[in-house]
Amino acid sequence: MLDIQFGADYYPEHWPEDRWETDAKLMREMGLGVVRMAEFAWTRLEPREGEFHFDWLRRAINLLGKYGVKTVLGTPTPTPPAWIVENHPDVLAVNSRGMRVSFGGRHHNCQSSRVYRSHAVRLLEAFTKEFRDNPHVIGWQTDNELGNSHDDLCHCPSCRTAFQDWLRDRYGTVEELNRRWGTVFWSQEYDSFRQVPTPAWNVTAHSPSLLLDWKRFHSDLVCGFQQFQIDIIRKNCPSHIITHNFMGFFDLLDYYKLAEPLDFVSHDQYPTGFFDNPQPGKTPSALASSLDLMRGLKNKTFWIMEQQSGPTGWTILGRTPEPGQLSLWTAQSVARGADCVVFFRWRTCAVGTEQYWHGILPHSGRPGRRYGELKETISRLKPVMGEFRGALSGAEGAILYDYEQNWSLEIQPHHPELDYIKQVQVYYDAFHARNVPLDFISGDRDFSPYKLIIAPLIYLMTPELEDKFASYVKGGGRLVLTMRTGVKNNDNVCLTERELPGRSGDLLGLEITDYDCLRDINRAVSWAEATGLSAEKWCDIITLRGAESLAEISDGWYRGNPVVTVNGAGKGKACYVGTEPNGALALKLADYLIGEAGLEPLARQADGLEVIRRRGAERDYYFVLNHGPEEKGFTPPAGWEPLSRENGAVPPYGFRLFTLRR
Ligand code: GAL
């Protein structure tokens, strides 16, 4: 593991060379140990085909190295130069209405284009060989935020052929595809794979099976676009690390697959959000969940490759972070598993699309409030970060998070506002409010380390997953399955053998004989004395077959219908939630599950402080974060020793650090 804790995204090519040394000195003074560079610098590295200019970058790398700042290099494939596009306009992507994107932004390339890939191979071969032995270069970032700005995906002839070839690999014969997709519907039976369209613009919706495979294909295509780059880097730079900057809950790609060949994941964390208007920013719990998801992709600590360091903005601007917020968000990233935090960007740029996406330094390049605040934060965190490098949270509960469930529900959301990620967040929020840590896991992971697994919306079901759930529960696990479990098979076709939720009905002790999409209404729910509970968007109408009802609908024609149930199976228990719970119902459920599974809140502090743990070999490290504008008192539990001089109440947008010997 690398002994570097902080860095910045640096664009020396945007500034005169005689400024670089000032930057390097300021970085050293601030405590930065790494920069990421060159991920958009194709035209400066190869201004004409085969003509490489690495000198300027070498000078920058070496100068920074003199000041103790190492370099991660980005492969500049998100920015195809004009000279490639001029000679090969077909490297530009085509949208679902058949329009080619124009040159001028970034990520305008088609991911399957052989011509584009051959240009990238030439540059990367030379680039990696040039810097493999440079002592200041430690590794590589592939491309930048892969999948970002791909709009409605490329539908050019090359992508269409690649999709058809992908389908042939998956189904073998077109007859098999016809059978599994059910193309008899609306006379869509194909005689050959070459007849299968991409889901381009049409007057009605395409087949759900085609749409799901299209999403799978596109994800694989982009993973492949990363893989050929990784192959070149591994071959030429075997001692370097390789990472990629992910985007939290971004969902065009299967992030488990994208993460697989990397040494570790990196993440871009922008707490005030991007271009939403009005701009609510993200809740502390939403920030927390995206960091936890990043840790979950490889069950490993990660880097932040872009941590917000100022107001965000392209054409419109976000709110200016209040004093303390940049520091707080940095601490939250570290607390949830970042071993290194790289700030985006070093200096606010004067040119181009992102003139108002502010960096640590303002346009003037003079250190100001943000530089001071982050320098102070680094001086507090850096000395202790080595102690818990690589340490995870030790969570005993997990959420099963699955890209294909999300995609299939994006294709048919049922309720216009049903959103897989938002529903996952409802469950996460409730545990976050109780300071009970959760991991995110894929369906492939070993379930046995967890006392509790919540698996929302397992809409696509396989017999293997049904069996895995059953043996987890029978072995003593606590499992939560929810509305729309087991509706379809992996081909996105409805299962018909049994009533819903299929074989999982035996585990859950129930059958779903009817359901109601709550288009214009929420249903009140009663669970003991709790108030304000409601069922939203959907309600299963449940017949109990052995399960016990914990909560019921208390109005409407199916008043009394069980909406949360529990069933004992072997040594464990399986719960079912036949709706999307509102916040109050999710909290009531979380309290029940925390007790039932024997999970321990990290601290029983009710007034909204976020408490996070990193579990080292002998010690635990606790972060206590105050996301509010008022100071908050905090009494550390027995045995917690403060890790710094600051103690007592947690200031507005402040944090405290403690350690506990186990
Ligand atoms: C990120 C991206 C950066 C920069 C930043 C601000 O998504 O990786 O290159 O564009 O946003 O817009």
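In this predicted model, the side chain of Arg106 places an N or O atom 2.8 Å from an oxygen atom of the ligand. Asn144 contributes a polar side-chain atom 2.9 Å from a ligand oxygen, and for the side chain of Glu145 the corresponding distance from an N or O atom to a ligand oxygen is 2.4 Å. On its own the ligand has 300 Å² of accessible area, and the protein covers 98% of it. The residues around the ligand also include Phe40, Tyr270, Trp314 and Trp357. Sorted by class, this shell holds 5 nonpolar, 2 polar and 5 charged residues.

Turning to the chain as a whole, the domain assignment gives domain 1 (6-148 + 224-388), domain 2 (397-597) and domain 3 (610-661). The C-alpha centres of domain 2 and domain 3 are 34 Å apart.

Salt bridges come next, and the whole structure has 46 of them. One joins Lys66 to Glu21, with the closest N and O atoms 3.5 Å apart. Lys66 belongs to helix H3 and Glu21 to helix H1, so this pair ties together parts that are 45 residues apart in sequence. Lys66 is exposed, at a relative accessible area of 57%, whereas Glu21 is partly exposed, at 29%.

Arg369 is partly exposed, with a relative accessible area of 42%, while Glu373 is buried, with 13%. Elsewhere, salt bridges with shared partners link Asp292, Arg295, Arg336, Asp439 and Glu610 into one network.

Terms used: Residues are numbered from 1 along each chain as its sequence is written. This is a predicted model: local features need pLDDT of at least 70, side-chain atom pairs count only at pLDDT 80 or more; totals for chains, interfaces and linings use all residues. Side-chain values use heavy atoms; hydrogens and water are left out. A residue is near a molecule or strand if one of its heavy atoms lies within 4 Å of it. A polar contact is a pair of N or O atoms within 3.5 Å; within protein, one must be able to donate a hydrogen and the other to accept it, and residues adjacent in sequence count only if both atoms are side-chain atoms. Accessible areas come from the Shrake-Rupley method with a 1.4 Å probe; for residues, only the protein chains shown count as cover. Ala, Val, Leu, Ile, Met, Phe, Trp, Tyr, Cys and Pro count as nonpolar, Asp, Glu, Lys and Arg as charged, and the others, Gly among them, as polar. Domain bounds come from an automatic or database domain assignment. A salt bridge is a side-chain nitrogen of Lys or Arg within 4 Å of a carboxyl oxygen of Asp or Glu. Helices (H or I, at least four residues) and strands (E, at least two) are DSSP runs, numbered from the N terminus. Buried means under 20% relative accessible area, exposed over 50%, partly exposed in between (1.4 Å probe, protein chains only).
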